Amino acid sequence: MKLNISGLNFKTMMTLVLFSVLWFACNTFAATHDIHLSANTLPNGQYAFKMEKHTSSDGATPLYPAEATIPGPTVFVKKGDILNVTLTNNIQLPGGAQFKVGLTVGSIEVAYGETRSYTYTANDVGTFAYGDESSHLLGLFGALIVDHADGSVQDLVDEIGNRVAVKRSDVDKEFVMFMVGSTFWGSETVNGVQRPLWTNPTLGAVQDDIVRFHILSVGPGHTWHLHAHRWPDNNNSDSIIDVKLLKDTLDTHSFTIKAGAGVGTGHWQYHCHLVSHMEAGMAGKFHVAAKGESGESLAGASPSGKIFLNPTASGPGLVTFEVSDEPGQFFRSVRSDILSPITKTRSLEIIPPGSSVHFIMSDTNAVHTITSLLWPSDANDTDHGDHRVIPFSQTKAYKGGAILQLDVPGLYVFTCKVHPYMFGAVIVDDPATDGLDLGESIDIVTGINNLPTSSDLATRLLRTFFVATTQENWQDLTSPNPWHLEYPSVDVRITGGAVANLKTVLESRYGQDIKLASLFNPTTPGVGEVWINTQFEKTAGKTKPGTITVLDASTWKIKRKIALPEINMNHPHNMWSNSDQTIVFQTQWFDNKLTFINREDGKLINNIQIGNTPSHVVTLPTNDDLTVAINGENGVRIIPAGTMSPQPMIMTQLPGQTAAGPHGHWVTPDGKLIVTPNVNTSDIGLYDTTTGGIVARTPAGGIFPAAPHPLAVGVSVDKVYTTNLLDHSMNVSDLNGKLLKTINLIADYDPISPTGPDTVKDRDGDGLATVGVLPIQTPVDPTGRVVVTANTGGSITIIDTKLDKVVAMLPCDPGCHGANFGAKLGGGYYAYVTSKFSNQLIVVDVDLDNPANSKIAGRISLVADKSVPTDDTVTKLAGTGGQGVYAIPNIYNGWVQNLPDSWKTNLTASQLNPVP
């Protein structure tokens with residue numbers, strides 16, 4: 001990490017500005033400032049600047065806070081002033097990593113523990129930001145205000161609309177408000193005294209006070225709006241505004257108002273005018289008090305306030321999750337190095353009632369939502385304080401964040417609608433009770449209410465959380481050791497006020513040191529290659545995770561690892577190939593890229609921007625055009641065959657409607673329809689590939705009342721099969737969009753009883769005890785006879801399409817995710833199944849005559865030895881993160897017929913014509 005204190009002409013990501021490096025021909029009135037700043041770590045793990053000392057030859061320096069603050073100290077100077085700056089770096093990263101403090105201009109750096117000095121001259125009038133290029137979103141930012149030498153500041157608009165000139169000496173109060181992610185960070189200066197106001201404060205003034213605002217937008221752009229007040233856009237314009245659009249990266253805007261001019265006293269809202277930012281909590285109030293009353297500002301939640309391990313602090317605290325591309329640690333507490341020895345995960349925080357949780361997308365290339373997955377049942381009760389924010393649900397994915405105050409004790413888990421295995425949890429713990437409060441019961445976003453925290457489903461969800469968010473808990477099938485999971489050994493308060501040790505409960509219910517199944521190869525070879533997105537595997541030449549593992553199906557040996565370090569390939573998620581099988585198309589799900597790869601040698605052909613968070617790619621069998629689901633937006637992008645030029649999207653919702661967020665789509669074998677599972681609108685969309693028009697919209701789910709989260713589809717001869725991740729169900733519909741049946745994949749599961757013989761048994765009377773928890777990919781075999789579903793809860797379910805019912809269940813690994821069919825040598829098909837939290841590929845031998853007899857034919861390690869050709873060196877999580885899987889040649893009906901002769905030679909007549 002590198003901290004940059006930047007000059008006025010800083011030309012990188014955010015033009016962060018503190019001081020000009022151009023030596024100014026000083027006039028006789030210029031002051032000299034001696035400034036000593038330090039960079040520090042706050043109690044919640046965020047970073048902040050502190051003013052150690054500031055003296056000026058003109059004596060005009062504010063009284064700064066004694067602590068490090070966000071935003072950092074505001075430095076007020078005049079044009080032409082000389083600044084002698086000393087900077088000390090007190091930020092120490094774990095493991096001895098270097099956090100360097102420095103100047104972009106001139107490449108001057110200050111490492112941990114060092115102090116260095118610089119001299120600058122303030123050359124331009126305006127409001128500027130200073131901060132760190134790589135960690136500014138975590139708090140290392142502050143403001144430099146360079147005023148005119150004559151003391152003039154921005155004009156104001158009086159009660160009757162006249163512009164009035166203002167001197168800084170006329171100003172009663174100055175507010176500095178940073179718009180970062182989806183949170184306001186503020187400070188005020190009154191009578192030469194600076195005070196931090198922290199997050200989303202209530203700004204205070206007395207009617208007729210002259211108030212000066214400095215608005216600084218950092219990162220993705222914002223739109224500042226203050227109710228009931230107006231001001232000139234700038235001193236050279238006739239425009240009078242109450243809304244200001246601020247550009248991406250860095251933009252600033254300063255203005256002056258008379259508090260309550262023309263409107264009087266009251267609480268006037270300020271907020272970002274973007275709807276998605278408002279619903280994320282980016283709002284506060286400007287309180288104009290009557291004369292004679294207090295116009296004091298009220299600070300918001302603070303990184304130095306009351307949180308777990310900082311209980312003696314005063315005021316409401318703030319914990320921060322950094323939204324990251326790091327596998328498992330997608331919601332990562334910024335103080336996880338302190339907490340994780342206790343919590344055994346980097347994705348869990350603990351706060352007292354009344355404190356706040358804050359999310360910032362500072363380490364991700366993707367767009368996300370912050371969405372409640374489960375919460376204490378009392379939290380959305382109108383008699384309690386959280387009901388206006390819980391459940392929390394952002395309707396649009398974007399690169400921002402969220403902030404919300406939690407008052408009701410209990411367990412809150414958040415996820416991302418686009419990437420639903422991202423988890424972050426907060427325990428709101430009442431310090432007056434024994435144990436950490438999980439709550440009497442929880443509600444789940446699907447509409448399950450009042451589920452006891454002692455129930456099997458509640459503890460299974462907890463176990464899933466600790467597996468998904470802790471890399472050390474992922475399965476290594478190449479190890480001779482049993483599977484050992486690390487759980488926190490903490491007492492928790494559950495249903496009925498009972499206190500139990502969480503580690504003891506989870507181990508007693510679900511076992512510990514579990515013997516893993518042995519690896520073995522199928523006895524019959526497959527045909528061609530199997531490409532697996534080992535999405536979490538990390539390599540030396542990249543900062544982002546993910547490789548492609550290429551398996552030779554004839555020998556069951558890994559033949560290549562592809563990391564593409566030259567483009568820093570980020571979370572490769574799903575693949576398809578062109579008709580002659582020479583090019584593999586690869587989506588980067590935590591980015592905005594589609595990658596073209598030479599199948600023969602694994603070399604990069606091209607890497608193009610395609611849209612936010614592309615998930616799946618499928619060609620049209622009729623003409624080889626590419627269709628790419630843009631999961632973070634509202635459509636399917638088309639790329640004509642033989643080109644690399646994205647065309648306008650087929651829109652999955654009409655203009656002005658909520659973005660659908662399509663994920664694992666499919667195309668009918670005749671190429672006439674694209675079928676999408678629409679995550680954000682809870683339906684299945686059918687779209688005409690010729691006109692782009694909506695053919696049908698079928699409601700998804702049906703087992704639970706809400707939030708089914710349709711995630712993937714498979715298409716047979718005349719039916720569509722759609723998995724609903726959170727509904728634990730499969731919708732069966734026809735090609736006109738008519739719903740034919742909903743298969744309950746958890747009909748045999750009792751969510752309440754503790755684990756044991758009664759938890760899973762034949763409850764639906766079909767003679768089988770099957771459970772498909774959290775279903776994901778669900779392809780139909782090329783003949784249309786069998787549906788194979790990878791259930792992330794750890795099972796593979798087999799559906800007989802003649803009966804449209806589950807006829808078999810096979811074991812899978814935690815995070816079971818990807819499934820696709822490939823040809824079996826001599827006839828028939830293998831289903832290849834991957835898992836996120838293990839490093840093996842499961843090969844299922846599908847019985848087309850009697851699907852109930854389908855069985856596991858092989859378990860193959862995805863860890864490559866040193867002899868395997870690769871373009872980068874694997875450093876961590878070897879073979880882990882299996883998600884998209886794709887067999888070459890493409891043997892699906894509609895595509896197999898278009899194979900070149902060289903790929904047809906190893907296929908049988910039935911495989912070449914699967915649907916006669």
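Visitor: Why is Trp576 called buried?
Guide: Trp576 has a relative accessible area of 2%. Buried means under 20% relative accessible area, exposed means over 50%, and partly exposed is what lies in between (1.4 Å probe, protein chains only). The value of 2% falls under that limit, so Trp576 counts as buried.

Visitor: What are these values taken from?
Guide: This is a predicted model, in which local features need pLDDT of at least 70 and side-chain atom pairs count only at pLDDT 80 or more, while totals for chains, interfaces and linings use all residues. Residues are numbered from 1 along each chain as its sequence is written, and side-chain values use heavy atoms, with hydrogens and water left out.

Visitor: How many aromatic pairs does the structure hold?
Guide: There are 35. One of them joins Phe331 and Phe359, with 5.5 Å centre to centre and 75° between the planes.

Visitor: Which parts does the Phe331 and Phe359 pair tie together?
Guide: Phe331 belongs to strand β26 (residues 331–333) and Phe359 to strand β28 (residues 356–363), so the pair ties together parts that are 28 residues apart in sequence. Strands here are DSSP runs (E, at least two residues), helices are runs of H or I with at least four, and both are numbered from the N terminus. Phe331 is buried at 0% relative accessible area, and Phe359 is buried at 0%.

Visitor: How do you know that Trp576 and Trp895 form an edge-to-face pair?
Guide: Their ring centres are 5.5 Å apart, with 65° between the planes. Trp576 lies in strand β42 (residues 572–577) and Trp895 in the loop between β66 (882–888) and α5 (901–904), so parts that are 319 residues apart in sequence are tied together. Trp895 is buried, at 6% relative accessibility.

Visitor: What makes the contact between His54 and Tyr64 a polar one?
Guide: A polar contact is a pair of N or O atoms within 3.5 Å; within protein, one must be able to donate a hydrogen and the other to accept it, and residues adjacent in sequence count only if both atoms are side-chain atoms. The side chains of His54 and Tyr64 meet that limit at 2.6 Å. A further polar contact, of 2.8 Å, joins the side chains of His54 and His33. His54 lies in strand β3 (residues 47–56) and is buried at 9% relative accessibility.

Visitor: Why is Arg168 said to sit over the ring of Phe76?
Guide: A charge sits over a ring if NZ of Lys or CZ of Arg is within 6 Å of the ring centre and within 35 degrees of the ring normal. The charged end of Arg168 is 4.1 Å from the centre of the Phe76 ring.

Visitor: Why is strand β11 described as largely enclosed?
Guide: In β11 (residues 152–157), 6 of the 6 residues are buried, so the strand is largely enclosed by the rest of the structure.

Visitor: How do you know that β11 and β12 pair?
Guide: Two strands pair if DSSP finds at least two bridges between them. β11 and β12 (residues 163–167) have 4 bridges, in the antiparallel sense. Ser152 stands opposite Lys167 in β12. The two strands form a hairpin with 5 residues between them, and Gly161 in the turn has a positive phi of about 90°.

Key:
Phe/Tyr/Trp six-rings, centres within 6.5 Å; stacked < 30°, edge-to-face > 60°.
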